[in-house]
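I opened the notebook with the sequence and the structure side by side, meaning to go through the helices, the sheet and the core in turn.

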Amino acid sequence: MNDSESSGRSAADSGADPLVSVEDLEVRFFTEDGAVRAVNGVSFDVMPGETVGIVGESGAGKSVTAQALLRLIDDPGRVTDGRIRFRDKDVLSYSDSELQSYRGGSVSMIFQDPQTYLNPVYTVGEQIAEAVRIHQDADRQAAREEAVEMLDKVGIADPEGRYDDYPHEFSGGMKQRALIAIALSCDPDLLIADEPTTALDVTTEAQILRLISELSEEFDTSVVFITHDLSVVAELCDRAIVMYAGEVAEDSPVEALFDDPLHPYTEGLLDSIPARVGPGERIDPIPGQMPNSRNLPSGCRFHPRCPYAVEECRRHEPPLVDVDGRRAACYRFVDGVEVDE
């Protein structure tokens with residue numbers, strides 16, 4: 001164990017350079033009632049070809065972190081500290097033209113609600129073709145052909161015929177497939193999927209998750225998957241970043257996280273999964289609620305809900321430390337601090 005603060009680097013493939021490196025990211029929302037600390041000191045890397053799940057309850061800061069990666073934080077929100085580097089270039093200092101190339105070209109996003117992000121007055125095919133024209137400098141015919149091919153790749157039957165359909169003529173699952181087609185049409189290096197199956201039924205959800213997994217492998221695209229569902233992380237991801245109240249609680253390869261969770265919050269999330277509860281056993285939910293970002297507890301943000309909390313946890317915030325190549329923000333892994341087990 002190491003009682004020094006972790007550098008924030010991922011343990012994944014240390015011999016390669018990160019595709020994306022987030023260092024001490026802070027995002028604040030400035031309201032009449034004061035500043036809301038949505039993301040606080042978050043650090044992680046995404047390696048080429050890696051699928052990383054960012055998981056946690058509602059209010060953990062997952063989606064805000066994803067939006068910050070694309071510089072989509074709008075007023076009254078603002079990135080107040082930290083760095084976001086893509087291929088070792090500072091995203092926060094991009095010019096307008098660099099940002100346009102980065103968004104949708106180098107990095108694409110699949111949003112939660114396709115109804116919001118598909119324009120109702122343009123056909124689905126036109127919206128895919130527009131992304132191709134902008135980022136691949138293709139003429140109209142080449143963009144149309146690419147759009148039809150992408151509709152086919154995401155499993156839309158009769159892609160040539162459905163090119164001219166409007167969003168309202170697509171089902172919910174088909175709309176989400178169309179968003180995936182737009183996101184992948186320019187062969188991005190990184191795909192961010194922000195709870196992309198929230199509004200879908202279980203069968204369609206499984207199909208969409210499988211599609212994202214298969215196409216990201218085909219396109220050799222790294223993925224950041226935002227979810228509250230650890231079973232999705234287990235199925236799709238190489239590594240999991242567990243967030244709590246705007247901070248990283250644990251960062252671990254998925255298999256190790258499920259076999260031996262380090263942080264008490266991760267333990268609680270796993271104990272809440274029905275599939276992990278034996279016959280006759282009851283689900284053991286985490287007591288209490290995520291703290292309000294305007295009124296965060298002192299010390300460790302999880303200590304009011306933690307069965308292992310001691311006085312040090314209540315007084316001081318634990319550092320994010322290295323634990324055999326994994327990372328955890330818990331005093332159980334800080335030398336010199338005695339905690340209950």
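Is the crossing of α4 and α5 left-handed or right-handed? I looked this up in what is a predicted model, and found the crossing of these two helices to be right-handed.

I then took the geometry of the pair: the axes of α4 (residues 124–136) and α5 (residues 140–153) come within 8 Å and cross at roughly 120°. Angles over 145 degrees would count as roughly antiparallel and 65 to 115 as roughly perpendicular, and α4 and α5 are therefore oblique to each other. Where they meet, I noted V124, G125, I128, A129, V132 and R133 on the α4 side, facing R140, A143, R144, E146, A147, M150 and L151 in α5.

Next I traced the sheet, which is open and mixed in its pairing, with 8 strands in the order β6-β7-β8-β3-β9-β10-β12-β11. At its edges stand β6 (107–110) and β11 (321–323), each with a single partner strand, so one side of each has no neighbour in the sheet. Within the sheet, β3 (residues 51–55) and β9 (residues 239–244) run parallel and are joined by 4 bridges; G53 has A240 in β9 as its bridge partner.

I saw that helix α1 (residues 62–69) lies across β3, β6, β7, β8 and β9, running at about 150° to β8.

Last, I turned to the largest nonpolar core, which has 106 residues, with I180, I192, F225 and L230 making the most contacts inside it. Helix α7 (residues 172–184) gives this core its largest share, 7 residues. For I192, I listed contacts beyond its neighbours within four places in sequence, among them A66, L69, V107 and V224.

Conventions. Residues are numbered from 1 along each chain as its sequence is written. This is a predicted model: local features need pLDDT of at least 70, side-chain atom pairs count only at pLDDT 80 or more; totals for chains, interfaces and linings use all residues. Side-chain values use heavy atoms; hydrogens and water are left out. Two strands pair if DSSP finds at least two bridges between them. Contact means heavy atoms within 4.5 Å. Axes are lines fitted to C-alpha atoms, for helices over the stretch in contact, and angles run from 0 to 180 degrees between N-to-C directions. A nonpolar core is a set of buried Ala, Val, Leu, Ile, Met, Phe, Trp, Tyr and Cys residues joined through side-chain atoms within 4.5 Å. Buried means under 20% relative accessible area, exposed over 50%, partly exposed in between (1.4 Å probe, protein chains only). Angles under 35 degrees count as roughly parallel, over 145 as roughly antiparallel, 65 to 115 as roughly perpendicular and the rest as oblique. A crossing is left-handed if the near helix is turned anticlockwise from the far one by less than a right angle, and right-handed if clockwise.
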